[in-house]
Amino acid sequence: MDLDRPRRIILIEDDANFISILKYHLTSAGFEVEGITSDEAINPGAGQFRPDLVICDLVMPVPGMDILATIKSNPRFRQIPFIFVSASKDHQDKISAYLSGADDYLEKPLHFPELIAKITGMFKRLDVIQQDIYRDPMTNLYNRRFLDQELPRQLSFHQRHDQKMIIGILDIDHFKFVNDTYGHQVGDIILENFAKVILETVRASDYVIRYGGEEIVVLFINSEMQGSKATLERLLEQLANNPLHTIADNQNNTPIYISFSAGLAEFPIQGENGDQLLKEADKALYEAKTSGRNQVRIAPNP
Amino acid sequence: MTEDYLNDPEFIIIRREYLDDLRAKAPENLASAQAGNFEPVRTFGHNLKGNGTSFGFQRISELGADIEKAAIEGAQDILLDRLPKLIEFLGEVTL
């Protein structure tokens, strides 16, 4: 789940003509669209596509109501908004659809500008909700709830594609000293600026998560250990030369420099699940802290 | 309804493919109707009703509605009137 990527829509429809017309309109509006048949949809776990919205025909060889029931009974998919489209104007069909969990029911022939406006509005509401749920309000980084949801997905994706992923835990050195000396407001500014610098340093495809207090987790997507370590060491060097904040008073300016300690663990070598990997990265972080801080340590191979 | 998209060159290709698809399927459905096999004709009519207007062909939606209703009711005489009309329309329409 990347909150900034284009929204993905899955079309469940056995009529290829309807898929082609919907694809035309929805891709023109900037959405990513994939069409699948009712047979494929009845087993949603089999696909790799993770939609933000499902648009499904009601009348198909595998009935749309059966597909809705399957999707709503699957914990991975049940939160996904679901819209029925149908040539049926039968009120009983609509009532059954809504009572079974459909978010909307649109009659064919569709009015495409209206459909696109409806979807856009739905995604705007979803954006607000997801920002609240998955972002840390101070740093605007992803939060721990996001990590809990995204990490298993990423590990599963990397396993399927035989890719490596590096997990890093970063902890600001002597952050308590910053808070105690300059106050918590300055501490908050340091955290905000630290988050910005990390985001500027890692790749857009990586995930940066506020894990807790002054701890940040970075998921280096499809990466090698040495490259990830080098990235964090570049970050250390940058922080050594550039203050994250400057306190101005009557007499002089006080620049505040920070460093951090970090531990790295590699999937799948050092752990096959999120808990193991975070534990190994945390051990390496502890080593970095006890070895003088301001450094990056790699978890030992098992 | 804004229907500028109907003349978008990219969409005209999609409309032509739609017509070609129907030109292939309509005779098959006529044969089904002649044989008294109405279920595939009902589905065909249902899809015509839902899609025709979206592709810019109101006439196809109208015929589709008649075909679906006649297939549900087993009204073979109506099917044997509307399906040839559909085939005739598909033969005449050009983009």
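This is a predicted model: local features need pLDDT of at least 70, side-chain atom pairs count only at pLDDT 80 or more; totals for chains, interfaces and linings use all residues.

Reply: Residues are numbered from 1 along each chain as its sequence is written, and chains are lettered from A and ligands numbered from 1 in the order in which they are written.

Me: How do you know what confidence the predictor places in chain B?

Reply: The score is pLDDT, the predictor's confidence in each residue, from 0 to 100. Chain B has a mean pLDDT of 93, and 97% of its residues reach 70 or more. Within chain B, helix H2 (residues 39–51) has the lowest confidence, at a mean of 92, and helix H4 (residues 76–92) the highest, at 97. The scores for the model are ipTM 0.78 and pTM 0.70.

Me: How many helices and strands does each chain have?

Reply: Helices (H or I, at least four residues) and strands (E, at least two) are DSSP runs, numbered from the N terminus. Chain A has 10 helices and 12 strands, whereas chain B has 4 helices and 0 strands.

Me: Why is A:Thr139 called buried?

Reply: A residue is buried if 20 or more other C-beta atoms lie within 10 Å of its own, exposed if 12 or fewer, and partly exposed in between, with C-beta atoms placed from the backbone. A:Thr139 has 21 other C-beta atoms within 10 Å and therefore counts as buried. It sits in the loop between helix H5 (112–134) and helix H6 (144–160) of chain A. Two residues are in contact if their C-beta atoms, placed from the backbone, lie within 7 Å. Beyond its neighbours within four places in sequence, A:Thr139 is in contact with A:Leu191, A:Glu192, A:Ala195 and A:Arg210.

Me: What makes H2(B) largely enclosed?

Reply: Of the 13 residues of H2(B), 10 are buried, so this helix is largely enclosed by the rest of the structure. Among the buried residues are B:Val41, B:Phe44 and B:Leu48. Their cover includes H1 of chain A, together with helix H1 (9–34), helix H3 (58–73) and H4 of chain B.

Me: How many residues does each chain bring to the contact between chain A and chain B?

Reply: Chain A brings 13 residues and chain B brings 16 residues. On the side of chain A that touches chain B, helix H1 (residues 16–28) of chain A gives the most, with 5 residues.

Me: What makes a set of residues a nonpolar core, and which members of the largest one touch the most others?

Reply: Such a core is a set of buried Ala, Val, Leu, Ile, Met, Phe, Trp, Tyr and Cys residues joined through C-beta atoms within 7 Å. The largest has 49 residues, of which A:Leu11, A:Val54, A:Ile55, A:Cys56 and B:Ile67 touch the most other members. H1(A) gives the most to this core, with 6 residues. A second, separate core of 46 residues includes A:Ile166, A:Phe220, A:Leu278 and A:Val296.

Me: How do you know that strand E6 (residues 165–172) of chain A and E8(A) pair?

Reply: Two strands pair if DSSP finds at least two bridges between them. E6(A) and E8(A) have 6 bridges in the antiparallel sense, and A:Ile169 stands opposite A:Val217 in E8(A). Strand E7 (residues 207–212) of chain A is also joined to E8(A), by 5 antiparallel bridges. In strand E8 (residues 215–220) of chain A, 5 of the 6 residues are buried, so the strand is largely enclosed by the rest of the structure.

Me: Why is A:His174 called partly exposed?

Reply: A:His174 has 15 C-beta neighbours inside 10 Å and therefore counts as partly exposed. A:His174 also has a positive phi of about 50 degrees although it is not a glycine. Most residues other than glycine have a negative phi, and most peptide bonds are trans.

Me: Which peptide bonds are cis?

Reply: The bond from A:Lys108 to A:Pro109 is cis, with omega near 0 degrees. Another cis peptide bond joins A:Phe267 and A:Pro268, with omega about 5 degrees. A:Pro268 lies in the loop between strand E11 (260–267) and helix H10 (274–290) of chain A.
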